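Keep the viewer open as you read.

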Amino acid sequence: VMKNKIIALSVLLSILSGGCVNMQQSKDLLTIDVTKDYPQKEFALQDIFDIDYIPLDTSRTFTTMGYMQDISKDMIIVRNLKLSSDGDIFIFDRKGKGIRKINRQGSGSEEYSFLLRVTLDEEHEELFVVDNRSKKVYIYDLQGNFKRSFKNIEGASYDRVFNLGSDYLICNDGDNLFTDEIKNIFYIISKQDGRLIKEIHIPYDKKKTSLIINKEQTKSARPRNEEFVPFHDSWILMDHSSDTIYRVFTDKRVVPFIARTPSIQSMETEIFLYPSVLTDRYYFMQTVKKVYDFSSRVGLPRTDLMYDMKENIIYEYSLYNADYVHKEFVSLGYGGIAFINKEIAFVKTLEAPDLVDAYKNGNLKGKLKEIAASLDEESNPVLMIAKYKQKK
């Protein structure tokens, strides 16, 4: 109780203090004012991460859009990004050589009807396939042989399912976006049979949603940022209705991690704060304002923010890839970024036609230039792997 009072007092003091730095006196919690203008900073991607490039082997069997699903020390798993779901799961080795293609899409009891997400359990050599049409999770071995399946917990439609230690999965309810019901949306479930281990309670007063609906045109828009991202062996959870972003550990502890101000509950036009890539020194985040013009298809303005723990300052950042002659800027918010695991901070898919054009225009250097020289416009994508820098 006393610790909670101290945290609450620290949040209040940080809100009132102003200035570039808006952090709690408690070492556990950072407070971000989503309406402030922060000093700008520009730096190279390579200053923060060790960057590698992996060209995916192109052949008739392994032709893929390269939508990243998971990666381990030995393999890379991708699928095609199609709303109709062709069911293909591609497995490459860490050098990008094709190993096998798996497709268990169908109407049988051992088959998924819609491939939404694939998660690798490297320890148990299992693939967890999320099927949001049948509201089930199917488990296969690495050869594609069926092992078991389980239903989603009642009332939930899983959108993301990830490893939480050896025995559990952490998942979120994607249908929460379309309802005004106040409910918990993050769950810890058993890897073996899908039973509910724990509902993660994130308190708030009134339901908020990022979904913008145009009823006249029956259209909708939303930011599509990730609502939970990895940080070493834990996960960072964001609920649109809450002023606090939480951290969940493998022992199922849930602790406050980042606070935002002003309160989302007080905003008529909401500005959401999404976590993205997190390192031991930098926390990358993105704010998104809930406005959208359906006639011009313009809206959802975004601001990239970074907290530097060493300098104790929040910046609006610009991050560029130094392997381009002319600065190629990279946002670590939404847009082709896949958040992975404790070895790899993120993976970004680089499309072959873009790299071919950049090579022809003399805009590449180093290893990326060498790889692009061997590509054509029909080649598979190249994966940009951003690893956490090793401490020296």
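Start where a polar atom of the Asp70 side chain sits 2.9 Å from the backbone nitrogen of Leu120. Bear in mind that this is a predicted model. Asp70 itself belongs to strand 4, which covers residues 67–71.

So what about a charged partner for Asp70? Asp70 is buried but has no salt bridge, and Arg117, the nearest side chain of opposite charge, is 5.1 Å away. Leaving aside residues up to four places away in sequence, Asp70 touches Met75, Ile76, Ile77, Val118, Thr119, Leu120 and Ile340.

Several of those names take us to strand 8, residues 117–121, where five of the five residues are buried. Arg117, Thr119 and Asp121 point one way from strand 8, while Val118 and Leu120 point the other way. Strand 8 runs antiparallel to strand 9 (residues 126–131), and five bridges join the two. Across that pairing, Leu120 stands opposite Leu127. The two strands form a hairpin with four residues between them, and Glu125 in the turn has a positive phi of about 55°.

Now zoom out to the charges that do pair up. How many salt bridges does a search of the whole structure find? The count is 21. One of them joins Glu226 and Arg160, with the closest N and O atoms 3.1 Å apart. That pair links distant parts of the chain, 66 residues apart: Glu226 is in the loop between strand 17 (219–221) and strand 18 (228–231), and Arg160 is in strand 12 (residues 158–164). Arg160 counts as buried because its relative accessibility is 14%, which is under the 20% cut-off.

Another salt bridge brings together Arg195 and Asp193, at 3.5 Å from N to O. Asp193 counts as partly exposed, with 41% relative accessibility.

Lys387 and Glu343 also form a salt bridge, their closest N and O atoms being 3.9 Å apart. Lys387 lies in strand 31 (residues 382–388) and Glu343 in the loop between strand 29 (337–339) and strand 30 (344–350), so this pair ties together parts that are 44 residues apart in sequence. Both partners are partly exposed: Lys387 has a relative accessible area of 27%, and Glu343 comes in at 33%. Finally, salt bridges with shared partners join Lys41, Arg281, Asp308 and Glu311 into one network.

Terms used:
Residues numbered from 1 in each chain as written. Predicted model: local features only at pLDDT ≥ 70, side-chain atom pairs only at ≥ 80, totals over all residues. Heavy atoms only, no water. Buried < 20%, exposed > 50% of the residue type's maximum accessible area, 1.4 Å probe, protein only. Lys, Arg positive; Asp, Glu negative; His and termini not counted. Salt bridge = Lys/Arg side-chain N within 4 Å of Asp/Glu carboxyl O. Polar contact = N/O pair within 3.5 Å; in protein donor to acceptor, adjacent residues only side chain to side chain. Contact = heavy atoms within 4.5 Å. Pairing = 2+ DSSP bridges.
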